[in-house]
Amino acid sequence: MDATHTAVDGYLDTLPTPGDSPGTAQFQLIVSPTGTAADDVVWACATSDPRIAQALLTEVQPGDLLRATGFLTQPDDAAAPVHLSTCF
């Protein structure tokens, strides 16, 4: 599995949810490269930083704009979606 560091600007369409372990969160970031809804891309994101997870779970709302930085990975299974593990 290769990983590339990247930054992505987007907005939340739904509330973040707790991750699989304490101090983690997962969320979907909607990225609109052209400003046209038909071109929107949904990025599956997760963080294991407890401070960021807490803010995601208690402070952000759908529609909020976020810049997520982290490592973009493509799983070994080519049919699986890419995943952004965020650092903010």
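Select Thr24 and the residues around it: leaving aside its neighbours within four places in sequence, Thr24 is in contact (heavy atoms within 4.5 Å) with Pro18, Gly19, Thr47, Ser48, Ala53 and Leu57. This is a predicted model, in which local features need pLDDT of at least 70 and side-chain atom pairs count only at pLDDT 80 or more, while totals for chains, interfaces and linings use all residues. Residues are numbered from 1 along each chain as its sequence is written, and side-chain values use heavy atoms, with hydrogens and water left out.

Thr24 sits in the loop between β2 (17-18) and β3, helices (H or I, at least four residues) and strands (E, at least two) being DSSP runs numbered from the N terminus. With a relative accessibility of 13%, Thr24 counts as buried, a word that stands for under 20% relative accessible area, as exposed does for over 50% and partly exposed for values in between (1.4 Å probe, protein chains only). A polar atom of the Thr24 side chain lies 2.6 Å from the backbone oxygen of Ser21.

Next, select α1 (residues 50-58), whose buried residues are Ile52, Ala53 and Leu56. They lie on the same side of α1 because they cover an arc of only 100° around the axis, taken from the directions from the helix axis to the C-beta atoms. Their cover includes β3 (25-31), β4 (41-47) and β5 (65-73), whereas the face of α1 turned away from the buried side carries the exposed residues Pro50 and Arg51.

Finally, move to Glu59, in the loop between α1 and β5, which is exposed, with a relative accessible area of 60%.

How values were computed:
Polar contact = N/O pair within 3.5 Å; in protein donor to acceptor, adjacent residues only side chain to side chain.
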